[in-house]
There are 2 protein chains.
Amino acid sequence: MKRPALSMVVLVLAGSLTLAALALAQTDPLPSWNNGPAKKAIVEFVQATTTQGAPQFVPPAERIATFDQDGTLWVEHPMYSQVMYCLERVPAVVKAKPELAEVEPFKTVMSGNREAMAKLSKQDLEKILVATLTGMSTDEFRGQAKKWLDIARDPRWKKPFTELTYLPMQEVMKYMRANGYKTYIVTGGGQDFVRVYSEEVYGVPPEQVVGSAGGTKYGYDKSGKPFLTKEPRLILNDDKAGKPEGIHLMIGRRPRAAFGNSAGDKEMLEYTKAGDGARLAMLVLHDDGTREYAYGPAKGLRASKVGTFPQSLYDQAGKQGWVVISMKNDWKQIFSFDK
Amino acid sequence: MKRPALSMVVLVLAGSLTLAALALAQTDPLPSWNNGPAKKAIVEFVQATTTQGAPQFVPPAERIATFDQDGTLWVEHPMYSQVMYCLERVPAVVKAKPELAEVEPFKTVMSGNREAMAKLSKQDLEKILVATLTGMSTDEFRGQAKKWLDIARDPRWKKPFTELTYLPMQEVMKYMRANGYKTYIVTGGGQDFVRVYSEEVYGVPPEQVVGSAGGTKYGYDKSGKPFLTKEPRLILNDDKAGKPEGIHLMIGRRPRAAFGNSAGDKEMLEYTKAGDGARLAMLVLHDDGTREYAYGPAKGLRASKVGTFPQSLYDQAGKQGWVVISMKNDWKQIFSFDK
């Protein structure tokens, strides 16, 4: 056997060195995650679906990842931020229509009695939602919501709601986008509400927010300028079975990956997992009563009105290969402002 | 005054040469367009909105352009392709449900009598649409439509409908995408139908198709696998005022540019033009009876059931600064298969 020429040895060595340098340069895309099955599942899924020539490779156009918002991307306790918006918007509505001051449920909300407000029925809440989310132009609504988001503070952390996003999930979204995935928010919350801040807070443009949506009505102002009025007519109830239905309506493709945290996300995760090839379904489990909140199926966790995570969902995750994310064990850091 | 150093002269000369070389290297992005006001309007709009530092610069995230389909991107005569699909799908529907063979309007369609079919009422057509576009799973529908598109031929050119797209408009879409615009189809046609071929034919992915849309219903097959059934329940009638309403629902941003060809596009063009900063609104005028069809407002053009372009729309275009595209004068070549 002939000895390889020196120049060839040099080339091979140089090649190995370059690869080693590249490997070192690759920083951890998920630094807020502890090493464990959840982090491993995400990294393996992204690598398997984006490595050219790999058996599970997914063409860039088909890389769709959907994320529930409340409880999956940001805090949903003690109340959905949008419900808080609607309640805090009531005084402005009553100021514009003083006759509402003596009418329920507005009277209770105006009283400021938190105990009484907590007892409002679903029908009462619906009346408040209609009064605060419809009847104005889409531009007016945007302005009202923006203003509130700037000044409103979460009762526990005393920070803007938009800072209460989970750093590990922000990392997942960025990591997936860096690998050609289009990231969508698929929320039971109001599409128009989430679109006000989605780009700034999550890097998700309005056209990639799918949420519960009401109809609008086209019309003209006195100067003949056209505008859209928000109507109290529900087009899409983007929760439970409404999530895959909304995904079909707004995206038209089955997601490759989906992330949720409650019974409202069950159908979205099933639908995602039922597709061909590599699919990733993940559930955020709120089991960290110290750093965030603990609620859901684990023993001793307190029941909750929001973010329902029944034992049956936990069991289904096990059976269908969904990966449960333990906030307590999988997340090194929860908020960007954490030390 | 000191004479400039030789090195500076050389630098300035080299700079000019580089610019000249760049200008030469820039090939015409719209080769199928004749030089004229329409081509000029498109090029000036794109340059004004995408040149960093220009007063009308639009950030990439806000670059949204919407295109009507029938009559704007492809031929709509003698009948919308999707209506032809529905009529030609009737035999398969009757085969599956033989009792329909003796029921109107299916009996007339089965007779093959084109004169009688042309007289079907709007209500009859709706029955045919419901029977051929709903009741099956979204995957089944996709398969049926794909199969038809492969074999169906336009009666005049004897070519697949998907080849009857206007080359000049394909060039506009590519040119805008090359300059950071997201191109959307906003069609009165069925969203699910157009999404079957939009990516292959126009380079527009399903999630950038906004069209008339029915609801779907989530359910499970016998093996427990989830699927969506197309329901005869209209969620979005994406025509006339429904176009800006659909744009708000599905995109959540006002377009910067919009292209249409009929009264069904009036509100989309108004809505687009009413936004701040540079906006482009264009109308395709079918005035080429030789190479395509002639219909609409110009004297001597024959009336048409589809693609209604009343004189009032033509007048509005003039008043509101919309640019009318004359197929006859502005388009050097209409189809890619033209010599």
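Modeller: Here is a short chat about the model, topic by topic.

Biologist: What should I know before we start?

Modeller: This is a predicted model, where local features need pLDDT of at least 70 and side-chain atom pairs count only at pLDDT 80 or more, while totals for chains, interfaces and linings use all residues. Residues are numbered from 1 along each chain as its sequence is written, chains are lettered from A and ligands numbered from 1 in the order in which they are written, and side-chain values use heavy atoms, with hydrogens and water left out.

Biologist: On to rings. How many aromatic pairs turn up over all chains?

Modeller: There are 35 in the whole structure. Rings of Phe, Tyr and Trp (its six-membered ring) pair if their centres lie within 6.5 Å; planes under 30 degrees apart are stacked, over 60 edge-to-face, and the rest tilted. A:Tyr85 and A:Phe141 are edge-to-face because their planes meet at 85°, with centres 6.2 Å apart.

Biologist: Which parts of chain A does that pair tie together?

Modeller: A:Tyr85 is in helix H3 (residues 81-96) and A:Phe141 in helix H7 (residues 138-151), so the pair links parts that are 56 residues apart in sequence. Helices (H or I, at least four residues) and strands (E, at least two) are DSSP runs, numbered from the N terminus. Both A:Tyr85 and A:Phe141 are buried.

Biologist: What about B:Phe193 and B:Tyr197?

Modeller: They form an edge-to-face pair, 5.8 Å centre to centre with 80° between the planes. B:Phe193 and B:Tyr197 are four residues apart in helix H9 (residues 191-202) of chain B, so about one helical turn separates them. B:Phe193 is buried at 2% relative accessible area, and B:Tyr197 is buried at 4%. Both belong to one aromatic cluster whose members include B:Trp74, B:Trp148 and B:Phe141.

Biologist: Which charged end sits over the ring of B:Phe141?

Modeller: That of B:Lys230, 4.7 Å from the ring centre. The test is NZ of Lys or CZ of Arg within 6 Å of the ring centre and within 35 degrees of the ring normal.

Biologist: Switching to the sheet: what is the strand order in chain B?

Modeller: Seven strands form an open, mixed sheet in the order S4-S3-S2-S1-S5-S6-S7. Two strands pair if DSSP finds at least two bridges between them. Strands S4 (226-236) and S7 (323-326) of chain B each have a single partner strand, so one side of each is left without a neighbour in the sheet.

Biologist: How do S6 and S7 of chain B pair?

Modeller: In the parallel sense, over four bridges. B:Leu285 stands opposite B:Ser326 in S7(B).

Biologist: Last one: where is A:Lys243, and what does A:Lys243 touch?

Modeller: A:Lys243 is in helix H10 (residues 242-250) of chain A and is buried at 1% relative accessibility. Leaving out residues up to four places away in sequence, A:Lys243 touches A:Asp68, A:Val186, A:Thr187, A:Gly188, A:Asp238, A:Gly264, A:Asp265 and A:Met268; contact means heavy atoms within 4.5 Å.

Technical notes: Buried means under 20% relative accessible area, exposed over 50%, partly exposed in between (1.4 Å probe, protein chains only).
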